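User: I would like to learn how to read the features of a protein model. Please take them one at a time, general idea before the case.

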Amino acid sequence: MAAQSVTYINEHIRALKPAEPGRGTRHRLVVVADSTADLVCAAGGLVYDRASLGWDVEVLLSACASERVLAILGVRGRTLTSVTLTDMLDLQPDAIVASHHLFTNNRRVHRFVRATSSHRTEIALWGGAAWPTELEEGLGPVEHRLSQAALAFKPYAIDAAGVR
């Protein structure tokens with residue numbers, strides 16, 4: 001990899017590798033959902049809020065994505081079939097928000113969540129009766145209070161997803 005210039009007071013400093021996720025990089029949220037309708041209804045406001053706060057939000061869907069819904073939320077998306085487990089792990093998220101259904105029924109999603117749960121990644125699952133026993137204990141329900149902007153945009157995303 002070629003060295004990249006870094007702007008400092010001392011102009012002679014050069015970086016030999018890109019910054020690793022963590023300090024000095026944007027926070028990254030990965031959302032895993034069955035469909036855009038599932039995404040919007042369960043976590044649309046949270047996704048919008050994180051994206052508007054400058055988080056890098058990656059949406060992975062088991063069904064084809066509605067580009068209009070994703071645009072309203074201010075994020076980009078891909079299908080789960082287009083990414084490998086290695087691709088998912090390379091995202092190195094600070095947080096994962098996922099469908100409990102996909103966590104329990106999709107082996108790749110299950111392995112992704114399990115692998116990142118030991119790396120100080122915040123994990124939230126929606127749906128399902130109980131928290132999976134194989135994930136760390138000591139966790140409880142989380143409630144995200146939507147911003148006024150999320151409250152304004154979420155109904156448009158719901159309509160675009162054809163839920164109403």
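Predicted model: local features only at pLDDT ≥ 70, side-chain atom pairs only at ≥ 80, totals over all residues.

User: How many residues does α6 have, and how far does the helix reach?

Analyst: The expected span of a helix is 1.5 Å times one less than its number of residues. With 13 residues, α6 reaches 19 Å from its first C-alpha to its last, close to the 18 Å expected.

User: Which residues of α6 are buried, and what covers them?

Analyst: Buried means under 20% relative accessible area. In α6, the residues Ala150, Lys154, Ala157 and Ile158 are buried. The cover over the buried residues of α6 includes α1 and α2. Just after α6, glycine 162 has a positive phi of about 75°.

User: What does α1 span, compared with a straight helix of 17 residues?

Analyst: A straight helix of that length would span 24 Å, whereas α1 spans only 18 Å between its end C-alpha atoms. There is also a kink of about 85° in α1, with its centre on alanine 43.

User: Is α1 mostly covered or mostly open?

Analyst: Mostly covered: 13 of the 17 residues of α1 are buried. Just after α1 comes glycine 54, with a positive phi of about 100°.

User: How many aromatic pairs are there in the whole structure?

Analyst: A search of the whole structure finds 1 aromatic pair. Its rings belong to tyrosine 48 and phenylalanine 153; their planes are at 20° and their centres 4.9 Å apart, so the pair counts as stacked. Planes under 30 degrees apart are the condition for that word.

User: Which parts of the chain does the pair link?

Analyst: Tyrosine 48 is in helix α1 and phenylalanine 153 is in helix α6, so the pair links distant parts of the chain, 105 residues apart. Tyrosine 48 counts as buried at 13% relative accessibility, whereas phenylalanine 153 is partly exposed at 36%.

User: What lies over the face of tryptophan 55?

Analyst: A charged side chain can sit over an aromatic ring. Here arginine 50 lies over the face of tryptophan 55, at 4.3 Å from the ring centre.

User: What is valine 59 in contact with?

Analyst: Neighbours within four places in sequence are left aside in such a list. Valine 59 is then in contact with Val31, Leu39, Leu70, Val75, Arg76, Gly77 and Arg78.

User: Is glutamate 58 buried or exposed?

Analyst: Glutamate 58 is found in strand β4 and counts as buried, at 5% relative accessibility. With neighbours within four places in sequence left aside, glutamate 58 is in contact with Leu29, Val30, Val31, Arg76, Arg78 and Leu91.

User: Where is glycine 77 found, and what is glycine 77 in contact with?

Analyst: Glycine 77 is in strand β5 and is partly exposed, with a relative accessible area of 22%. Leaving aside neighbours within four places in sequence, its contacts are Val59 and Leu70.

User: What is the phi of glutamine 92?

Analyst: Most residues other than glycine have a negative phi. Glutamine 92 has a positive phi of about 45° although it is not a glycine. Glutamine 92 is placed in the loop between α3 and β6 and counts as partly exposed, at 40% relative accessibility.

User: How many helices and strands does the chain have?

Analyst: The chain has 6 helices and 7 strands. Of its 164 residues, 37% count as buried.

How values were computed. Residues numbered from 1 in each chain as written. Heavy atoms only, no water. Phe/Tyr/Trp six-rings, centres within 6.5 Å; stacked < 30°, edge-to-face > 60°. Helix = DSSP H or I, 4+ residues; strand = E, 2+ residues; numbered from the N terminus. Buried < 20%, exposed > 50% of the residue type's maximum accessible area, 1.4 Å probe, protein only. Lys NZ or Arg CZ within 6 Å of the ring centre and 35° of its normal. Bend = angle between axes of the 7 residues up to and from the residue. Contact = heavy atoms within 4.5 Å.
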